[in-house]
Amino acid sequence: MKNTTYSLSAIDESLVTCRYLSETTIYFIVQGELTVKLNNQTFELSKGNFLVGNINDRVEVLPDDLDQVVGFVLKIDNSFFTSVYPQFLSTRFTCYSEGVEIGKQETYLEIRRHICELILTHFSTKPIKDLIISMSLNQIILWLVQYFKQDHLGEQQIQHKLILEVLDYVDDHYFHMITLEDVAKEFFMTTSALSKLFKEITGTYFSTYLNELRVSRSMNDLLFSGLSMDEIALHNGFGSSKTYREHFKKVYGESPGSYRKK
């Protein structure tokens with residue numbers, strides 16, 4: 001079900017992909033255990049646990065024993081959240097059962113109670129169903145804002161964090177034929193915006209960084225395998241051995257064949 005204030009769905013295999021959250025999202029476990037990676041931090045959720053994700057958080061649900069998990073994903077609509085708490089878009093929330101500070105355990109339990117109430121009401125036929133759900137959502141927001149709010153990162157910090165994530169992504173995918181356009185699409189940016197920001201933060205152009213990374217990573221194949229130049233080129237993301245040789249020479253001042261002989 002989806003309305004103007006929230007959406008509620010079951011945890012299933014459709015979540016086993018890396019994605020960026022577009023709304024405040026709460027993962028709640030009723031039965032079983034679930035591993036969630038949020039911004040490269042791993043959280044182990046078990047029965048009764050919940051985890052709050054923020055807008056633009058990078059999230060990945062791991063598939064281990066997913067068929068044994070019963071749980072829900074609650075997304076709070078951004079417009080509704082802002083109508084309740086106008087500073088919402090400049091705020092982040094950190095709320096995970098195992099990391100709750102001393103003195104906040106009761107608050108955590110209150111949020112969990114309202115999440116349970118919302119889920120039960122969602123599937124009920126009560127005549128005042130919408131009112132109960134609205135009250136539960138308001139209570140969840142109230143507790144999050146009052147006890148689990150963090151100051152939002154400054155614009156410069158956000159940009160640095162984004163580029164670090166881009167670098168991690170490139171490091172994981174350099175051996176594919178990825179381009180600036182592909183990476184920009186992955187991070188929901190325009191090509192020109194990512195190119196400009198990448199140069200500002202790293203001091204080098206994206207294409208230069210990518211090709212130098214590929215050359216660097218090719219050294220293992222070049223020195224410790226019997227692969228041909230064509231095979232090394234393709235294994236490290238270059239379209240041809242000619243392109244590989246050109247970029248190798250830019251970095252090391254000589255051809256990969258000459259370097260291998262030495």
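Me: Which residues does Phe-80 touch, not counting residues up to four places away in sequence?
Reply: Happy to start there, and keep in mind that this is a predicted model. Phe-80 lies in helix H1. Leaving out residues up to four places away in sequence, the residues that Phe-80 touches are Thr-4, Thr-5, Leu-137, Asn-138 and Ile-141.

Me: Is Phe-80 buried or exposed?
Reply: The cut-off to know is that buried means under 20% relative accessible area. Phe-80 has 13% relative accessibility, so Phe-80 counts as buried.

Me: How far apart in space are Phe-80 and Asp-182?
Reply: Along the sequence, these two are 102 residues apart. From C-alpha to C-alpha, the separation of Phe-80 and Asp-182 in space is 33 Å.

Me: Which element gives the most residues to the largest nonpolar core?
Reply: That core has 28 residues, and those that touch the most other members are Phe-50, Phe-81, Cys-95, Ile-111, Ile-115, Ile-140 and Leu-144. Strands S1, S3, S6 and S8 each supply at least two residues, as do helices H1, H2 and H3. With seven residues, the element that gives the most is H3.

Me: How many residues are in the other core, the one with Val-170 and Tyr-174?
Reply: This core lies apart from the largest one, and its members include Ala-184 and Leu-213 as well as Val-170 and Tyr-174. In soluble globular proteins, nonpolar side chains tend to be buried together. The number of residues in this other core is 18.

Me: Is Ile-133 buried or exposed?
Reply: Ile-133 lies in helix H3. Not counting residues up to four places away in sequence, Ile-133 touches Tyr-6, Leu-118, Thr-121 and His-122. Its relative accessibility is 4%, so Ile-133 counts as buried.

Me: What separates the C-alpha atoms of Ile-133 and Tyr-244?
Reply: Along the chain, Ile-133 and Tyr-244 are 111 residues apart. The separation of their C-alpha atoms is 59 Å.

Me: Which strands are the edge strands of the open sheet of four strands?
Reply: The order in this sheet is S2-S7-S4-S5, with antiparallel pairing. Two bridges join S2 to S7, and Arg-19 has Val-59 in S7 as its bridge partner. Each edge strand pairs on one side only, and these strands are S2 and S5.

Me: Which residue takes a positive phi in the hairpin of S4 and S5?
Reply: S4 and S5 are antiparallel and pair over five bridges. Leu-38 stands opposite Gln-41 in S5. The hairpin has two residues between the strands, and the one with a positive phi near 50° is Asn-39.

Me: Which strand gives the most to the lining of the second largest pocket?
Reply: This pocket has a volume of about 290 Å³. Its lining has 16 residues, with Leu-38, Gln-41, Phe-43, Arg-92 and Thr-94 nearest the centre. S5, S6 and S9 are the elements that give two or more residues. With three residues, the strand that gives the most is S5.

Me: How many residues of that lining are charged?
Reply: Seven residues in the lining of the second largest pocket are nonpolar, and seven are polar. The number that are charged is two.

Notes. Residues numbered from 1 in each chain as written. Predicted model: local features only at pLDDT ≥ 70, side-chain atom pairs only at ≥ 80, totals over all residues. Heavy atoms only, no water. 1 Å grid on protein atoms, 1.4 Å probe; cavity = no way out; pocket = protein on both sides within 12 Å on 5 of 7 lines; lining within 4 Å. Points joined across faces, edges and corners; volume = space filled by probe spheres on them. Nonpolar A, V, L, I, M, F, W, Y, C, P; charged D, E, K, R; others polar. Pairing = 2+ DSSP bridges. Core = buried A, V, L, I, M, F, W, Y, C linked by side-chain atoms within 4.5 Å. Buried < 20%, exposed > 50% of the residue type's maximum accessible area, 1.4 Å probe, protein only. Contact = heavy atoms within 4.5 Å.
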